[in-house]
Amino acid sequence: MAIRRQDASDVVRVGSAGFASAVTTLLAGKAAPVAVVIAVITKAMDLFLARAGNKGFDHTGFVAAMHARFANQAATTLSDALIQAANLEPRYRNEIERLAEAVNDPSGAARNELLRTAIQKLFLEAGQHSPPSVDSTVYWPAHWVQPGSQMVPGEFHGRSKELAILRSALPGGETNIVCVIGLPGQGKSSLLARWYHDNLKGLADKAVFWCRPYETGYTFARFLPEVLDYLTCGQFDPKEMPDPSRQSQCLCQLLRRRPTLLVLDGVERWLKIWQGDPDASGIGATQDDRAAAEGGLGLLLRDAASWVNGSAIALTSRAIPSDLDDCPKVLEELAGLDEQASIALLRARGVQGKDDQLARAAWVYENHPLALNILGSLLAKRYGGKVERVGELNILSDDRQHRLGHLLGKVFEYMQPQAPLLNMVACCLVSTPVGMLAALLQDPEKQVLDALEELADWHVLGFDGQSAEAHALIRRYLLDRLPLGQAGAIRCDIARWFAGRPIPEQPQVLQDVLPLVRAVEHALAAGNVALAAVFMYGTTAGMHHPALSAWLQSFGYLSLDVELATGAIELYEALVHKEGRRELRNDLASAYNNRGNALGDLGQLDAAVADLGKAIEIREALVHKEGRRELRNDLASVYNNRGVALDDLGQSPAAVVDSGKALDIYEALVNEEGRRELRKDLASTYNNRGVAKRGLGQLGTAVADFGKALELYETLVYKEGRRELRNDLAKAYNNRGVAKRNLGQLRAAVADYGKALELYETLVYKEGRRELRNDLAGAYNNRGVALRILGQLGAAVADGGKAIEIREALLHQEGRRELTGDLESALFNQAQAHNQAGRTDAARKIMTRGASLLGEAIERGRLDLLPSFLQTAGVLAGLLAKLGEPEEAANWANRALRFTNGAIAAGKVSPVLRQSALRFLDWLNPNMSALSGAGLDTKLYREVRAALDAPPESPPAREGQTPPQP
């Protein structure tokens with residue numbers, strides 16, 4: 001993440017004036033005394049060691065060690081701490097090494113420069129995330145501002161009315177939402193940037209996240225993990241919450257708790273009409289056109305209206321999003337500047353003449369700020385600044401866009417030497433780095449810098465000293481002038497340049513692999529799908545992870561993987577079906593397979609099955625009709641993948657069939673043709689078929705499949721050292737344990753759970769695999785159930801307690817609301833253990849907690865949890881009735897009836913829900929007379945019973961639960 005700052009005073013707000021002075025001194029490049037250096041490094045080190053979980057960082061020893069180091073004495077504590085920090089935070093290793101170099105230079109000759117470089121990365125990029133504390137020194141996050149977002153002209157004219165409205169509205173005004181609406185070039189972004197710069201002091205204690213949706217490729221799905229990482233102080237992990245809808249819910253929760261200003265600059269790119277046409281004007285856009293393209297954005301915009309803690313959203317757009325039509329907001333639709341501001345702008349550009357002459361010249365361009373900036377530069381530089389010569393420009397068109405294009409044509413007549421540079425800036429999808437321009441143009445960097453400064457002086461592009469970009473209208477003009485195919489060739493060169501940027505060996509965050517993402521985006525924009533596939537799926541030199549797509553899926557950036565795969569599929573489809581490039585069919589199948597896997601991980605199972613089906617259709621034809629036997633492994637892989645998606649959809653019979661087809665191929669390849677490298681895939685397929693068979697109740701064959709998977713995994717892990725497969729081995733043990741428990745082989749099940757737990761505990765607690773914590777909790781929960789059935793109630797309660805502790809932390813401390821059902825499952829089983837031990841009061845309390853948790857989630861729209869609620873409510877009501885609390889039992893029964901009736905009315909009764917509801921009603925029927933006098937709604941009971949007349953279907957078993965007997 002890049003942070004753009006005017007000075008250190010708005011980087012961090014601290015309670016210690018000395019530390020603030022230290023940061024200011026270092027970043028200002030002034031000579032820094034030893035005390036200042038010690039203060040900064042100590043705080044930076046404290047931050048990183050604390051974030052990595054080291055609670056025992058010795059401040060006193062570290063400070064003493066630093067003083068000793070500056071005195072040229074040995075300082076073991078300091079060296080150890082620096083090494084430890086580099087190991088704990090490998091992505092900052094280079095910066096920590098620079099700190100070590102700075103510390104080792106007591107003379108101060110090189111120290112300041114080294115420190116500045118390190119602090120810019122260490123403190124400004126990561127230290128911004130440290131949460132407020134009650135200590136004497138209080139950190140507040142620096143404002144996250146996307147590069148290029150604050151390119152405000154040195155001269156800003158007019159808009160006093162609009163600025164006054166913004167000042168009164170933000171921050172802490174009468175509304176939480178500010179919309180700045182207007183056509184391109186009216187200065188929407190500049191207006192917000194001017195307001196921001198003028199009001200920094202008032203925002204000192206507010207988190208500010210400023211991003212640019214109008215930037216190509218910056219989608220809402222990309223925005224979510226970035227803003228969540230910022231608001232959670234760097235603790236958000238996309239692989240633990242990859243679903244954008246869940247991320248949106250989490251974001252709304254955080255914004256209700258923490259005063260934050262979100263600035264969404266160019267939000268029209270996240271609305272439906274602009275998804276397919278980035279150049280759409282917005283004039284006459286319908287309500288559907290203006291709807292959010294993703295539900296999460298609509299949720300965020302609607303939720304903002306009810307914030308009461310000081311959080312707010314400021315956005316610019318070409319049209320107001322329809323989700324805000326009925327929300328209280330400040331809405332200012334920008335038109336041209338007023339006459340006086342237009343005159344002032346032209347004079348600032350060096351145009352001379354009387355006010356009425358300047359006003360007439362501005363009127364020709366409808367006082368459009370972008371056009372006036374360019375007009376003023378042209379008149380000043382090529383017409384002696386004389387306004388009366390504006391007639392020589394020969395403006396003929398009545399159309400604003402054509403007038404601007406004519407004006408740009410006049411400007412570019414004088415800029416032919418800079419044409420290659422301008423074309424490259426126009427073709428680059430993001431802010432164009434100076435280094436890239438120099439490398440691709442093969443010009444000295446100083447020459448490129450001078451050219452960019454000249455172009456910025458003409459106001460045909462923005463330049464901040466490091467990167468350049470053209471306004472959307474100017475970019476469109478430049479691209480329209482390029483000969484056919486030239487833009488594609490330029491973008492391929494840009495893609496190769498980005499692909500050549502260094503990538504860490506073990507990338508941890510999206511920023512680490514962003515150059516590869518940029519490379520894929522530019523290759524796709526160029527129409528070169530082969531080049532995009534190299535960057536997306538090929539091995540990257542120096543990077544341990546095999547490919548960008550695999551990294552994105554492993555680290556939870558599934559939506560981004562889907563975006564890039566969709567771009568590749570569209571190009572492949574055109575090449576294969578429109579241009580007859582049949583040799584690309586297997587590449588098309590690979591793209592469908594990869595997108596299907598990502599969609600499946602996102603929970604979009606129908607779409608995943610459809611994509612995987614297309615991949616199978618293509619590869620079946622290639623293998624069986626055209627004899628492409630070398631593609632059998634690829635065909636088996638996609639069968640295995642579709643089997644998993646089908647089983648997740650509840651279509652277990654079809655899943656078993658697909659897994660069987662994959663196994664037939666893998667068995668032949670491994671056992672008959674010696675393809676030993678495919679044993680991992682063979683093990684995975686056996687495990688997946690075992691899961692599907694277990695869901696069908698075919699427990700004996702499921703256990704056999706798990707056994708074959710375990711035999712292969714154990715050989716790979718323990719004999720061949722494939723330690724990266726330990727998680728897969730743990731899953732197979734856990735899966736076999738569930739099947740054995742359902743078979744009644746309880747002691748064997750406990751043994752399997754124990755092996756799974758041993759692996760999970762090592763991975764989670766010793767190796768920091770935090771994304772596996774819920775899997776660890778699941779294994780504890782499952783073993784607890786088996787132990788309870790065996791009558792080992794003390795051990796069962798202990799295991800259940802560990803599962804509950806982990807899941808409560810995930811749900812309540814980290815906002816993992818998608819795990820509500822998992823936590824309730826652990827609570828339910830824990831309550832059953834207490835009840836079996838005769839501790840009915842404890843059982844009632846725990847089960848009430850679980851039922852309440854599910855009820856709250858259902859009221860928020862989680863109807864998928866209703867079957868679990870009905871099961872829990874039935875058991876709880878039965879327990880309460882036995883305890884002599886019929887009124888409370890009737891209350892839970894009524895709540896279950898109301899939820900079920902609501903689902904029926906909404907037409908959302910799945911087979912699983914129907915079966916659960918009928919079981920609940922079957923229990924309730926003989927208890928009607930006892931509960932009706934306690935308040936049971938018998939009329940509602942009869943209505944629900946009448947509506948549920950379909951034959952029952954057997955639902956899949958919930959994790960770790962035996963069928964309850966209410």
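This tour visits a helix pair and then several aromatic rings in a predicted model.

**First stop: two packed helices**

Select residues 773-789, which form helix 34, together with residues 793-813, which form helix 35. The crossing of helix 34 and helix 35 is left-handed.

Next, display the side chains at the contact.

**Second stop: aromatic rings**

The structure contains 13 aromatic pairs. Begin with phenylalanine 223 and tryptophan 270, whose ring centres are 5.3 Å apart and whose planes meet at 45°, so the pair is tilted. Phenylalanine 223 belongs to helix 9, whereas tryptophan 270 sits in the loop between strand 4 and helix 11, so the pair ties together parts 47 residues apart in sequence. Phenylalanine 223 is buried, with a relative accessible area of 0%, and tryptophan 270 also counts as buried, at 4%.

Now move to phenylalanine 869 in helix 38 and phenylalanine 899 in helix 39. Their pair is edge-to-face, with 5.1 Å from centre to centre and 70° between the planes. Both phenylalanine 869 and phenylalanine 899 are buried.

**Last stop: a ring cluster**

Finally, select Phe209, Tyr218, Phe220, Phe223 and Trp270, which ring pairs link into a cluster.

Key:
Residues are numbered from 1 along each chain as its sequence is written. This is a predicted model: local features need pLDDT of at least 70, side-chain atom pairs count only at pLDDT 80 or more; totals for chains, interfaces and linings use all residues. Side-chain values use heavy atoms; hydrogens and water are left out. Axes are lines fitted to C-alpha atoms, for helices over the stretch in contact, and angles run from 0 to 180 degrees between N-to-C directions. Helices (H or I, at least four residues) and strands (E, at least two) are DSSP runs, numbered from the N terminus. A crossing is left-handed if the near helix is turned anticlockwise from the far one by less than a right angle, and right-handed if clockwise. Rings of Phe, Tyr and Trp (its six-membered ring) pair if their centres lie within 6.5 Å; planes under 30 degrees apart count as stacked, over 60 as edge-to-face and the rest as tilted. Buried means under 20% relative accessible area, exposed over 50%, partly exposed in between (1.4 Å probe, protein chains only).
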